[in-house]
Amino acid sequence: MNTTLRGTTRLLAAALRTLLVLTLVCGVLYPLTVTGIGQALFPHQANGSDITSHGRTVGSSLIGQRYDLPLKNGQETPDPDLKWFQPRPSNGLGTNTVNTQYKLLLSGATNRAGDNEELIQQVKDAKAAVIKDNSVDGYQVKPSDVPPDAVTSSGSGLDPAISPQYAHIQIHRIAKLNGLDVGAVRKLVNQHTDNRILGFIGEPRVNVLELNIALKALAQK
């Protein structure tokens, strides 16, 4: 009996020491080391990749946001403010979606199949809206000009970037509504187009928040 008790006590003591060591290593030393390395080598990324404008944080380069008009009476989702470059839809379109406002508490896709009738209709409606909104002053957007990211959300629903093609079909609308030269707006888009990472990872992209900050500065000149 005493032998069994002593053995049990040793096992419990060893387990407790292991717990304390692992808690110290995995719960204190490792997080402090990783945090320290992050703050020393990658402070911008480690602190959320904030984007500032006039000394004020206006968002993150990693999280998309919408540019909408004030919500009208009876509306469930507001109309887009078309004087700004618009992001890709946030997890679908309309009211029956997972996340229509880039809410950070909810991330994910709609999980609708490609042959889902409601999804197909939403994409058709979105394409028609993109064509209508961006066909201005003799510039006509053709259905073939509308890229997939203009009518579908990303897998997370929080993607901050759009394709250069989607940005370019918005140029004439942006120029008209802000009283700017089309060439100046096109140059702005080109300046804010990022190429593939290391030349082969991902696709060319335009961060919408950064582009709209630059657009605001250009419009105020």
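Predicted model: local features only at pLDDT ≥ 70, side-chain atom pairs only at ≥ 80, totals over all residues.

User: Okay, how many helices and strands does the protein have?

Analyst: There are 7 helices and 5 strands.

User: And what order do the elements run in from the N terminus?

Analyst: Starting at the N terminus, you go α-α-β-β-α-β-α-α-α-β-β-α. As for the overall form, the protein is more spread out than a compact globule, because its radius of gyration is 25 Å, well over the 17 Å that the globule rule gives for 221 residues.

User: What box do the C-alpha atoms fill, then?

Analyst: Roughly 95 × 45 × 40 Å, taken along the principal axes.

User: What share of the residues is buried?

Analyst: Buried residues account for 32% of the 221 in the protein.

User: What about contacts between residues at least 6 apart in sequence: what part of them joins residues at least 24 apart?

Analyst: That part is 53%.

User: Switching to charges. How many positive and negative side chains are there?

Analyst: The protein has 22 positive and 18 negative ones, and the centres of the two sets sit 8 Å apart.

User: And how many salt bridges turn up in the whole structure?

Analyst: A search finds 5. One of them pairs D159 with R88, where the closest N and O atoms are 3.9 Å apart.

User: Where do D159 and R88 lie?

Analyst: D159 is in the loop between α3 (117-134) and β3 (161-162), while R88 is in the loop between β2 (56-60) and α3, so the pair ties together parts that are 71 residues apart in sequence.

User: Is R88 buried or exposed?

Analyst: R88 counts as buried, because its relative accessibility is 13% and the cut-off for buried is under 20%.

User: Which residue does E203 pair with?

Analyst: E203 meets R196 in a salt bridge, at 2.9 Å from N to O. E203 is exposed, with a relative accessible area of 52%, and R196 counts as partly exposed at 37%.

User: One more: what does D79 team up with?

Analyst: The side chain of D79 forms a salt bridge with that of K72, at 3.8 Å from N to O. D79 is partly exposed, and its relative accessible area is 30%.

Definitions and conventions:
Residues numbered from 1 in each chain as written. Heavy atoms only, no water. Helix = DSSP H or I, 4+ residues; strand = E, 2+ residues; numbered from the N terminus. Rg over C-alpha atoms; globule rule 2.2 N^0.38 Å. Buried < 20%, exposed > 50% of the residue type's maximum accessible area, 1.4 Å probe, protein only. Contact = heavy atoms within 4.5 Å. Lys, Arg positive; Asp, Glu negative; His and termini not counted. Charge placed at Lys NZ, Arg CZ, Asp CG, Glu CD. Salt bridge = Lys/Arg side-chain N within 4 Å of Asp/Glu carboxyl O.
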